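This briefing presents one protein chain for a reader who is new to structural models. Please keep the sequence and the structure in view while reading the points below.

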Amino acid sequence: MENSHFSSSSMERVNFRTKVISKHLNQENPTFNYSLLQSFPCLSYNPPEFSEPFSVFDIKEMRKLLDGYNLQERDWLFGLMLQSNLFNTKVRGGKVFVCPDYDQSKEQQREITMRRIGYLMQNGVFERWLTGKGPEDELRKFDFVDVVGIFDHSLKIKLGVHFFLWGGAIKFFGTQRHHDKWLRDTENYVVKGCFAMTELGHGSNVRGIETVTTYDSSTREFVINTPCESAQKYWIGGAANHATHTVVFSQLHIDGKNQGVHAFIAQIRDENGNICPNIRIADCGHKIGLNGVDNGRIWFDNVRVPRENLLNSVADVSPNGKYLTAIKDPDQRFAAFMAPLTSGRVTIAVSATYSAKIGLATALRYSLTRRAFSVTPNGPEVLILDYPSHQRRLLPLLAKTYAMSFASNYLKKIYVKRTPEMNKVIHVISSAFKATASWHNMRTLQECREACGGQGLKTENRVGQLKGEFDVQSTFEGDNNVLMQQVSKALLGEYVTAKRSKKPFKGLGLEHMNNSRPVVPSQLKSSAMRQSQFQNDIFCLRERDLLERFAAEVSLCQSQGKSKEYAFTLNYQLAEDLGRAFSDRAVLHTFLEAEATVTSGPLKDILGLVRSMYVLVTLEEDVAFLRYGYLSTDNAAVVRKEVANLCSELRPHALSLVSSFGIPDAFLGPIAFNWVEVNVWSSEQN
């Protein structure tokens, strides 16, 4: 049999290869026999819109709920980008797509990013981003950044460094003289700014930075110096190629006394792009993502800047060298410097959520047209989203993404309407939501990449590439683990204050601590698990119990002579559990608030399913519910089964739920649509 088989099919292959090699050696062009392909039936693509159930809820209304603000302006900006070849428009499978050109060198990516910024500026996108007044202008800025980030994270970060970090520092740390001199020129890109805070030796611990600034009263200048290699400014976006100016964070020494971290304006390049005297700049090099951002390193060799370049809203230095501040406590002074930086965490939480939406919209659309295996002998292949295991991979992440959308909208709303009294609340919530959303995004993108199989590896399909582009979010603007510990410390502070003063808890959503301890039923049933009351109770129970445990452990350590800081360090596991508990409960509250605004029955019904999925999958996945006894093992098993039930109930709504994201087709990957047509031979030739 083996010889017979070889003499037929194997010999045919040998003859075919011989002919190809012969033609190659004779410099002939081999012709491809298309009939070999045409003689076999090809898998046909059917758009999911033709086969999926008709939406039972209004997709446009759902999008309003998810995006929250400025829908028309968002769509205008989407269209503006589609009109220009600067955004790398390509036709794939009969549809137009835009996708950043990741196959280019970092130098090319940096250059095209700046050209795109120029195009957006010429079309009025940045109007009033810094000179505007009121929450409406600020919300418009946030929403435009969302749209830009859907196209390319590098473009979003490049704008974020210039407007939110450099521009925000001028606006919040500076006073009127700085606003008059710098804000409009920043808005018009006459000045290109960067933000020099992070150093080689210090990232999260800003108080430990080593750059030193002294004051020379004879010339009325500040002198900025990098005293050692670990003090070099590191990962400074914009520094390597384009920035003309920077805000330098430095220890301010006056008369030999260190007054702590302060911020100064320094010019690092002239109008022709030449590096200024006494400034050294080096490139941070190629990265796993964000190569459209020119991260650089900066050294200051006794750089002199005018006295007026101190950003003096918190503290000032008189012409004769006297240190002046209304905030005498160094800790409070440092906190005042850090407070305005929450805008970065706000934009990260939002952009991480939109990144997850891109991944889910692409992976779920693909799973609604891709088939694999059959469940009956000789039966048709089955859509992969009809497999319960595939539903379990993607639909809980879809529910969590909805929850993070409502959380992000809430965060934007309280940020643009902030008052000085709200600074602490915004710091805590933005820290929690930034960590939660960015962790969720990375997990979602990984699952979506795997759910797309080999197609998920292709850059043009976006999902895999987004992992590298967004990975940085877990550590910049505050390492997620550190941020979660800050959240727990803030909660502990509220707890101690309430207990000492014997006053009710007020703020940070901790009012539930004033009520009696929630009780979880000994035997959970489906109807109870889907009730918002139960969902709120069990989230509040976890947060309450962990806060009490954390407070007790820290108190015990202190009673044994350990410092409060060391007590925090020893109890980091409880702190991390508590941070997650706070974030999950706060996210749930934003979900419930969004639901409360809905009057449509079908919309309310589907939101109830999505919310239940968000809560129950959190109960299933966070081991704290079992570890601390909030769920019995029997109830945990019931929760797991209910998650599977919710998957099957959400399955018919999958297309409608991702369509409600409002992301134009052109900003998804081709795999989300006719992936057969995208990969045909003729498309390769074109």
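Helix 19 gives six residues to the lining of the second largest pocket, the most of any contributor. Helices here are DSSP runs of H or I with at least four residues, strands are runs of E with at least two, and both are numbered from the N terminus. The model is predicted, so local features need pLDDT of at least 70 and side-chain atom pairs count only at pLDDT 80 or more, while totals for chains, interfaces and linings use all residues. Residues are numbered from 1 along each chain as its sequence is written, and side-chain values use heavy atoms, with hydrogens and water left out.

**The second largest pocket**

- The second largest pocket holds about 550 Å³ of space.
- It is lined by 21 residues, and those closest to its centre are Lys-400, Trp-439, Arg-580, Asp-584 and Asp-622.
- A pocket is an open set of points on a 1 Å grid over the protein atoms alone, with protein on both sides within 12 Å along at least five of seven lines; a cavity is a set where a 1.4 Å probe fits but cannot get out, and lining residues have an atom within 4 Å of a point.
- Grid points are joined across faces, edges and corners, and a volume is the space filled by probe spheres set on the points.
- At least two lining residues of the second largest pocket come from each of helix 12 (388–416), helix 13 (423–451), helix 19 (572–596), helix 20 (601–621) and helix 21 (624–627).
- By class, this lining has 10 charged, six nonpolar and five polar residues.
- Charged means Asp, Glu, Lys and Arg; nonpolar means Ala, Val, Leu, Ile, Met, Phe, Trp, Tyr, Cys and Pro; the others, Gly among them, are polar.

- Arg-580 belongs to helix 19.
- Arg-580 counts as partly exposed because its relative accessibility is 32%; buried means under 20% relative accessible area, exposed over 50%, and partly exposed in between (1.4 Å probe, protein chains only).
- Apart from neighbours within four places in sequence, Arg-580 is in contact with Trp-439, Met-484 and Arg-542, where contact means heavy atoms within 4.5 Å.
- Arg-580 and Ala-624 are 44 residues apart along the chain, and their C-alpha atoms are separated by 9.9 Å.

**Cavities**

- Rolling a probe the size of a water molecule over the atoms shows where empty space is left.
- The structure holds four cavities of 30 Å³ or more.
- The largest cavity has a volume of about 100 Å³, and of its 13 lining residues the closest to its centre are Lys-158, His-162, Lys-192, Gly-193 and Gly-238.
- Helix 6 (106–122) and helix 8 (153–173) each supply at least two residues of that lining, and helix 8 provides the largest share, three residues.
- The lining of the largest cavity comprises six nonpolar, five polar and two charged residues.
- The second largest cavity has a volume of about 60 Å³, and Pro-100, Tyr-102, Gln-109, Asp-152 and Ser-154 lie nearest its centre among 13 lining residues.
- Helix 6 provides the largest share of the lining of the second largest cavity, four residues.

- Most residues other than glycine have a negative phi.
- Trp-235, which is not a glycine, has a positive phi of about 65°; this residue lies in strand 6 (residues 233–237).
- Asn-278 also has a positive phi, near 70°, and is placed in the loop between strand 8 (257–267) and strand 9 (279–283).
- Trp-235 is partly exposed, at 45% relative accessibility, and Asn-278 is partly exposed, with a relative accessible area of 43%.

**The chain as a whole**

- The chain has 25 helices and 15 strands.
- Of its 686 residues, 54% count as buried.
- The mean pLDDT is 92, and 93% of residues reach 70 or more; pLDDT is the predictor's confidence in each residue, from 0 to 100.
- Over residues 1–9 the pLDDT is below 50, and this stretch has two contacts in the model beyond near neighbours in sequence.
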